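Q: I would like to learn how to read a protein model, feature by feature. Where do we begin?

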Amino acid sequence: MIKIAICDDNIEMAHNLENTIHQMSFNNIETDVFTSGIELLKYYKTDGSYNIVLLDIEMPSVNGIETALNLREADQDIVLIFITAYKEYVYQIFEALPFRFLEKPVSSEKLFETLKDAVSYVEEMKKFFSFKKGTTTFQIPAKDILYFEASNRKIKIHANKKEDIFYGKFQKLMEKLNENYFLQIHTSFIVNMDYITSFNEREVVLCNNTVLPISLKYRKSACLEHLKFIERRCGKW
């Protein structure tokens, strides 16, 4: 079951979005509508959890940006899709790690395309990365991995809640990873693009303020692949 929350102070628009979603060819979709960020946060913290949230940015009292930051603090896995008529907001809310932006008025075609990708992403994030230590195989949710670091013959996993080390060939690691989310930026670093909050041709900054260098060897390919990632997430505005 994929649970979707729709949050918009325009109740008519919110229900239109809900009706449009239920007319689409998705299986096992459940939706709830909220008319304020306060209402959504109150429900979320006491009774509910959602895989995907469609969130209007411009709302009174607690706006969409504040709501998103609170949701992200409570749940690192939630998929946040922002709805806005103003492109300038796009550059203000990357701290909330948005999945995508929808421009008002939202067309059914664009909504379907975005939700299809979001549902696919939710399913992808259920997958695990496996590695061996001796004769024992371990696994960790791929979504929890911030980045991999090479150190001689060892590979260090930096994840949300823990770190681990195993022996392996770093040059073969990308073959085990989904290139839509993981990006090699250096002979010693592969990062999960979901956690990048700042990117330039020389370095990336992750959501935990870790700064990693981009080597000259990977600069061109890293910039190109990260741009593709941003376009998949944010669309071509």
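A: Start with a loop. Pro 105 lies between β5 (100-103) and α4 (108-124). Helices (H or I, at least four residues) and strands (E, at least two) are DSSP runs, numbered from the N terminus. The model is predicted: local features need pLDDT of at least 70, side-chain atom pairs count only at pLDDT 80 or more, and totals for chains, interfaces and linings use all residues. Residues are numbered from 1 along each chain as its sequence is written, and side-chain values use heavy atoms, with hydrogens and water left out.

Q: What kind of peptide bond joins Lys 104 and Pro 105?
A: Read omega. The bond is cis, with omega at about -10°.

Q: How many helices and strands are in the protein?
A: Five helices and 15 strands.

Q: What does the radius of gyration say about the protein?
A: The radius is taken over C-alpha atoms, and the globule rule is 2.2 Å times the number of residues to the power 0.38. With 237 residues, a compact globule would have a value near 18 Å; the protein has 19 Å, which agrees.

Q: How do I read contacts by sequence separation?
A: Contact means heavy atoms within 4.5 Å. Take the contacts between residues at least 6 apart in sequence: 53% of them join residues at least 24 apart.

Q: Where is Asn 152, and what is its phi?
A: Asn 152 has one, at about 55°. Asn 152 sits in the loop between β8 (145-151) and β9 (154-159). That hairpin has two residues between its strands.

Q: Is Asn 152 buried or exposed?
A: Exposed, because its relative accessibility is 81%.

Q: How do I read the pairing of β8?
A: Count bridges. Two strands pair if DSSP finds at least two bridges between them. Six bridges join β8 to β9, and the two run antiparallel. Ile 145 stands opposite Ala 159 in β9. Three bridges join β8 to β12 (residues 189-192), again antiparallel.

Q: Why is β8 described as largely enclosed by the rest of the structure?
A: Because five of its seven residues are buried.

Q: What can Tyr 147 show us about strand β8?
A: Take a residue and list its surroundings. Tyr 147 lies in β8 and stands opposite Val 191 in β12. Tyr 147 has a relative accessible area of 8%, so it counts as buried.

Q: Which residues does Tyr 147 touch?
A: Leave out residues up to four places away in sequence. Tyr 147 then touches Lys 156, Ile 157 and His 158, along with Phe 189, Ile 190 and Val 191. Leu 206, Thr 210 and Leu 212 complete the list.

Q: How far apart are the C-alpha atoms of Tyr 147 and Glu 123?
A: They are separated by 20 Å, and the two residues are 24 apart along the chain.

Key: Buried < 20%, exposed > 50% of the residue type's maximum accessible area, 1.4 Å probe, protein only.
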